[in-house]
Amino acid sequence: MENIKKTCLHQRHVALGAQMSPFAGFDMPIQYSGITEEHNAVRTACGVFDVSHMGEVLVTGAQAEEFVSHIFTNDITGAPDGKIFYGMMLHPDGGTVDDLLVYRRGENDFFLVINAANIDKDIAWIRENAKKFDVKITDLCDELGELAVQGPEAEEVMENVLGIHCSDLAFYTFKETTLPNGAEALVSRTGYTGEDGFEIYASPALIVEIWDALMESGKAVPCGLGCRDTLRFEVGLPLYGDELADDISPIEAGLSIFVKIDKKGGFIGRDAVAAQKEAGPKRKLVGLELADRAIPRHGYEVLTPDGGEVIGHVTTGYRGISVDKSIAMALVDSRYAAIGTPVAVRIRKKTFPATVTAKKFFKKSYKK
């Protein structure tokens, strides 16, 4: 705990009595009132998350677009400013360095949001691959805080409590705006919960002010990382370290739509994932549903129906809060990946029957 980092809101979390725990090198709130209560608040009203542990990198310069395209699987070329893209950075063998968001501020100006657990690895990797390009890489991790305001009432809260006009933002777009107090912030509409939602990037001091305003309003429930995980899992969104990793490709994870094999200029890892896509991956990420109430957890073995052969492992598992079922995502042998296929999951020393399902257990409610 000696070297653990703290976000700008750490004192606020402690004062609210949050259950704190190390995550990605930060002391983060796992829950306040409880994971179920916070989960349901986001599904039905509005919750706010401190996500200031996330990493931010600015790529600028004459070859910024060319460079970002070179390291990123999605196609950003010629897109309108204000657009956000989801995709991955890959190793040459197709494994995933990280999944990330790319905000296009201009042809020579891109804002990258990376996972907290990968900050040091990602920035080193980006800098190494930038050496042959006319670009400047700026680490903004210590200069920015971030809040995620999520739920069906999120737009109303953003406008009525914070005075941030958001109805003009389409899904996966952003704008840089001046707040009523004169401060500058970047506001986007993406979300990681399956509900409508916004992200606010601003100076740490401003993030504290915004958090306080939300708490004083009573219109947004403080939410920890516990329900952030249950929410994203129910709608089939991946988490790096679970559904994606250095040894898991986006093709295996079912994210081919974000891998533009034929885009001009290609990208690092392109040949590997193109070959994998053409041949078909040997492993696939699937959903699982258990008839029993036993809960599958990360790392548990997935077996053939008779329990005789290990065919994969659980990546994420819970008793789904919104669906009241024991469910999981799992990376399994492709021969067992068809929906409806019977399998089994070893939970502690017992084996429980399960059925392969779609990875999305709950319908998303994004504002398109």
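In which loop does arginine 348 lie? Arginine 348 is placed in the loop between strand 18 (342-347) and strand 19 (350-357). Helices (H or I, at least four residues) and strands (E, at least two) are DSSP runs, numbered from the N terminus.

The model is predicted: local features need pLDDT of at least 70, side-chain atom pairs count only at pLDDT 80 or more, and totals for chains, interfaces and linings use all residues. Residues are numbered from 1 along each chain as its sequence is written, and side-chain values use heavy atoms, with hydrogens and water left out.

Most residues other than glycine have a negative phi. Buried means under 20% relative accessible area, exposed over 50%, partly exposed in between (1.4 Å probe, protein chains only).

| Residue | Phi | Relative accessibility |
|---|---|---|
| Tyrosine 172 | about 60 degrees | 19%, buried |
| Arginine 348 | about 55 degrees | 70%, exposed |

An open sheet is formed by 5 strands in the order 5-6-7-4-8, with antiparallel pairing; two strands pair if DSSP finds at least two bridges between them. Strand 5 (84-90) and strand 8 (136-139) are the edge strands, each pairing on one side only. Strand 4 (residues 55-60) is joined to strand 8 by 4 bridges, and valine 59 has isoleucine 137 in strand 8 as its bridge partner.

Helix 4 (residues 119-129) packs on this sheet, touching strand 4, strand 5, strand 6 (96-106), strand 7 (109-114) and strand 8; contact means heavy atoms within 4.5 Å. The direction of helix 4 makes about 65 degrees with that of strand 6, where axes are lines fitted to C-alpha atoms, for helices over the stretch in contact, and angles run from 0 to 180 degrees between N-to-C directions.
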